[in-house]
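Okay, thanks for coming, everyone.

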Amino acid sequence: MISLNKIYKTYENVTVLKNITLSINKGTITGIIGPNGAGKSTLLKIITGIEYPNKGEIYIDNMHVMSFNHIKPFISYMPERMTIYPEYHVYEYIDFLNKVLKIKNTNLFNLFFLENIYTKRIKHLSKGWHQRLKLYTALSIKRPVYILDEPFEGFDPLQMQHIIEILLSFVKQSKTIILSIHELSYAQRICNDFILLNKGEVVAQGTLNELKEKYSVKENTLEKIFIKALEG
Amino acid sequence: MKSYLILLFKEIKDFLKSKTTYIFIILLAIILSYSFYSAVDLYSKASLTAVKDKLYAQGFEPASGIFVPTLGGLFILLSLFAPFVFIQSLINEKHNNTLLLLAQMPFSTKGIFYIKSLSSFIILIGFILLTLPIFIYWHLIGGHIPYSEALLLLSEYMLYGLFIIAVSFFSASIFKTHAQASIFSLFLIILSWFIDFGKDMNIPFVSGITKFSITHNLKYFENGTFSLSSTLYLLLIISFLLYTAYVFFNFSIREKTIRLILAIILFISLMFINQNIHFNADLTESRKASFSFEKERFLKKIPAFTIDIYLDPGDSRAKDFENDFLKKLSLVKTNVKTHYIKGKELQDNYGTIVFTLNNKKERTFSTSEEEIFIILQKLSGLSIKKEKTQQIFPGYPLVVKNGWAMYLFIIYSILSVLSITIYYMISFKPFKKRR
């Protein structure tokens, strides 16, 4: 569904992404994993059309897309760094979203338990609740593809389990989810496919079994594969 | 379209949720009431003699005596405080990364920018409307309102306010933090004042540049003259700054440099065209920026003439001649040719002004309007008729009872309290309703 062909990105003579070629299938959850500074967020921004590659092409449903405006109808993006209007009460923000996005169904609202924080000011929310609100916003925008940059930051294990269930329900509706993730154990629980980035290059791509085979790892943990892949 | 209306309401609400908006309103209330009180006090004291003397009374104009000094406070506030109000509209969205959120909704980045500009303009109108109690109160205490001059003055502040919005947006689009953008806005605004200071320098290039300063162009409005070229110039600057801000603000624009170069070329070309537009209209009741009716009638009858000025353009006499005579002349006669003579000829005849009409020449050392009209009558062979009494401006002196102007403080205090109440209602309204 989404394919990237020989993508290069440079910032002030520093190459952040090198020769990125990959493809992401419809109805999957693809986890982009890699150490800090590997280029995960930049790669997501390029797929979203917020950043332009210096070289290379992006295709969505075999259509060559050039800019954010081309990509916008396909993708909903949750950036890692975003502070939702701190001066607003949650209900004001939700009302705004409902009116603009014409949301009539309250299922997602209920799934996120936003009722619990409905009258609070956004600036007074805990990190986990703020992250929940961010995620709710991204998932409220109806698109075939959801790109989530570090969506699990600030969640406690219970919240995490809950959010994972919501994301899995989206995949059942043939939605595609691409997410960057630090926590390998969670990545293993939720993702079907993995893209391993290191120093701006794709080191490996595939399902857990394919990666296990490629790196001759017997254990059923992504962590071992990750370490082995980075060691080269 | 409905979505954009929702966005507009959100943007206006954002302004109304911000403390800076209310600080601005309170400051505006204090400064306007104090300026009005001082202006009325001076005007009233001076009027004590004028009410008994018709000739002295002619010098009493409410526009220059009351409204210009009172609204002067608005100029300072717009320059030094309004950037803090308007910058946040863009910088908060950029800083919090919520611009990306809005761009993913059914809004284009162009649409978001338009709505942000429109909401800022609505807030500006609100600020300008806060000056209305001055006009109403002045009328209630028996003062005369020259409507055309008052409207011109308000449109001056509207244009200046738009300029401040454009500068604020420009700064907010190129800087990342509120502090940086605010300081840069103030830098640009104060720089535009400094350019105007150059008019008193005897350097032709520097004094030439001052024609492009914002304050120089706003002076026409304050003096009661509608200048089309100044209005267009201000609109051009505002459009250029807003477009540049839009280019920097919009993350989905690729060729920013090309767009900016094209905008600069277009801006310079339009500025050049605008230089050739000469339409000024004196809107003052006293006709202080134009000649009397009979003098105008006389000038329209006589053929085109030339004026050779043997003065350095920086000379104070040359400036007086330009301000007192040539500016008024340009409102009536556009086919008069003026030359500043240079070189040896200038040195030999320094200080004289030569008028050539019907191949006849007359020279004078005087720059006085009366002296020049005597020369023009002599050269043309026509004479100026005596002014009719009803065409003479009577003047509007007004003696105000001691302390009456103080009541405006009370009106503005009520407005300030009302604005604080609105702030609390919008920001801390307890929400009972549940989904």
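So, where in chain B does F279(B) lie? It's in a loop, the one between helix 14 (256–275) and strand 2 (280–282) of chain B. Before I go on, please keep in mind that this is a predicted model.

Is F279(B) buried, partly exposed or exposed? With a relative accessible area of 44%, F279(B) comes out as partly exposed, because anything under 20% would be buried and anything over 50% exposed. And what does F279(B) touch, if we leave aside its neighbours within four places in sequence? The contacts are F226(B), S227(B) and L228(B).

Over all chains, a search of the whole structure turns up 40 aromatic pairs. Take F109(A) and Y136(A), an edge-to-face pair with 6.4 Å from centre to centre and 75° between the planes. That pair links distant parts of the chain, with F109(A) in helix 4 (residues 107–111) and Y136(A) in helix 5 (residues 127–140) of chain A, 27 residues apart. F109(A) is buried at a relative accessible area of 1%, and Y136(A) counts as buried at 1% as well.

Over in chain B there's an aromatic cluster, made up of Y43(B), Y56(B), F60(B), F67(B), F135(B) and W138(B). And back in chain A, have a look at R132(A), whose charged end sits over the ring of W129(A), 4.6 Å from the ring centre.

Now the interface. How much area do chain B and chain A bury between them? About 3400 Å², with 55% of it on carbon and sulfur atoms. Chain B brings 34 residues to the contact and chain A brings 40.

Which helix of chain B gives the most to the side that touches chain A? That's helix 1, with 7 residues. Helix 1 (2–17), helix 5 (82–96), helix 6 (98–104) and helix 19 (407–428) of chain B each put in at least two.

Terms used: Residues numbered from 1 in each chain as written. Chains lettered and ligands numbered in written order. Predicted model: local features only at pLDDT ≥ 70, side-chain atom pairs only at ≥ 80, totals over all residues. Heavy atoms only, no water. Helix = DSSP H or I, 4+ residues; strand = E, 2+ residues; numbered from the N terminus. Buried < 20%, exposed > 50% of the residue type's maximum accessible area, 1.4 Å probe, protein only. Contact = heavy atoms within 4.5 Å. Phe/Tyr/Trp six-rings, centres within 6.5 Å; stacked < 30°, edge-to-face > 60°. Lys NZ or Arg CZ within 6 Å of the ring centre and 35° of its normal. Buried area = accessible area lost by both parts, 1.4 Å probe.
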